[in-house]
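Biologist: Before we discuss any labels, could you put the model on the screen, so that each term can be set against its value?

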Amino acid sequence: MGIKYGLLFSVLVLLLLALKLEAGGIVIYWGQNGNEGSLASTCASNNYAIVNIAFLVVFGNGQTPVLNLAGHCNPSVGGCTGLSNDIRACQSRGIKVMLSLGGGVGSYSLSSAVDARNVANYLWNNYLGGQSTSRPLGDAILDGIDFDIERGTTQHWDELARALSGFSQQRKVYLTAAPQCPFPDSWLNGALSTGLFDYVWVQFYNNPPCQYSGGSAENLKSYWNKWTAIQAGKIFLGLPAAPGAAGSGFIPSDVLVSQVLPAISGSPKYGGVMLWSKFYDNGYSSAIKPSV
């Protein structure tokens with residue numbers, strides 16, 4: 001292959017990768033079960049457009065940050081630095097890899113605007129494009145930060161988003177969020193109101209008023225329309241990947257494909273589907289991917 005045609009081929013590959021999310025992609029959370037397979041194998045499945053490494057469970061309010069990756073590795077003794085190779089392998093496939101903050105366990109909060117900026121600086125230097133001698137995941141540079149805030153405080157998340165966004169002048173920092181489907185989300189409304197978020201995957205599960213239930217998607221569709229009206233890049237439908245992954249809100253793959261996706265995918269804001277989590281995804285993503 002000559003240089004000219006080789007360059008053309010490379011450009012076409014990049015264009016196809018860029019269109020990956022435009023056509024609708026699947027987002028997966030990885031890191032909370034040691035039996036879910038490696039990060040590299042997760043990306044090698046070619047089912048996902050974005051992987052959220054979960055979770056940074058302790059941060060803010062003067063606390064020493066703690067990363068919890070369940071049975072995968074122990075970051076407190078430097079045991080997770082080898083994940084850099086996995087992260088780069090994912091990124092070489094055009095898959096974005098995020099660090100997810102919070103989750104349903106842990107101890108996290110922001111006490112002030114200064115605290116928010118300090119957390120942003122920590123994230124930049126230890127996970128993003130900055131420099132630190134103690135990067136928990138090694139020297140790979142993550143693509144951005146996911147806000148999965150479900151406890152602590154409703155304050156100062158907007159300031160954290162603005163501080164992280166400011167680093168995009170040096171290197172793009174993607175901002176994503178996982179609010180609950182009741183609108184507006186009590187924890188993340190302030191942050192989302194900044195309009196700085198590239199992708200928002202709304203948790204349409206464990207929330208009976210707005211999730212799929214009783215064979216009806218009407219409540220889901222109604223709240224989906226509210227969420228697609230916010231100022232954000234793309235909105236994703238967040239779902240459990242299996243009945244056991246959540247207390248309620250699971251949608252069988254055939255129902256999702258035949259009833260739900262056709263009703264929501266026409267929105268210009270539609271980005272795809274987010275699944276909790278890799279451990280529970282035993283064929284669900286493969287079943288829905290052609291229709292997402």
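**Aromatic rings and their partners**

Modeller: In this predicted model, the charged end of Lys 226 lies over the ring of Tyr 223, at 4.3 Å from the ring centre.

Biologist: What makes the charged end of Lys 96 count as sitting over the ring of Tyr 174?

Modeller: The distance to the centre of the Tyr 174 ring is 4.8 Å, and the cut-off is within 6 Å, together with a direction within 35 degrees of the ring normal, so the term applies to Lys 96.

Biologist: Why is the pair of Tyr 122 and Tyr 127 called edge-to-face?

Modeller: The structure holds 19 aromatic pairs. In the pair of Tyr 122 and Tyr 127 the ring centres are 6.2 Å apart, which is within the 6.5 Å limit, and the planes stand at 70°, which is over 60, so the pair is edge-to-face.

Biologist: How do you know whether Tyr 127 is buried or exposed?

Modeller: Its relative accessibility is 1%, and because buried means under 20%, Tyr 127 counts as buried. Tyr 122, with a relative accessible area of 21%, is partly exposed.

Biologist: Why are Phe 250 and Tyr 284 called tilted?

Modeller: Their planes are at 55°, which falls between the limits of 30 and 60 degrees, and their centres are 5.6 Å apart, so the pair is tilted. Phe 250 belongs to the loop between strand 9 and helix 8, whereas Tyr 284 belongs to helix 9, so the pair ties together parts 34 residues apart in sequence.

Technical notes: Residues numbered from 1 in each chain as written. Predicted model: local features only at pLDDT ≥ 70, side-chain atom pairs only at ≥ 80, totals over all residues. Heavy atoms only, no water. Phe/Tyr/Trp six-rings, centres within 6.5 Å; stacked < 30°, edge-to-face > 60°. Buried < 20%, exposed > 50% of the residue type's maximum accessible area, 1.4 Å probe, protein only. Helix = DSSP H or I, 4+ residues; strand = E, 2+ residues; numbered from the N terminus.
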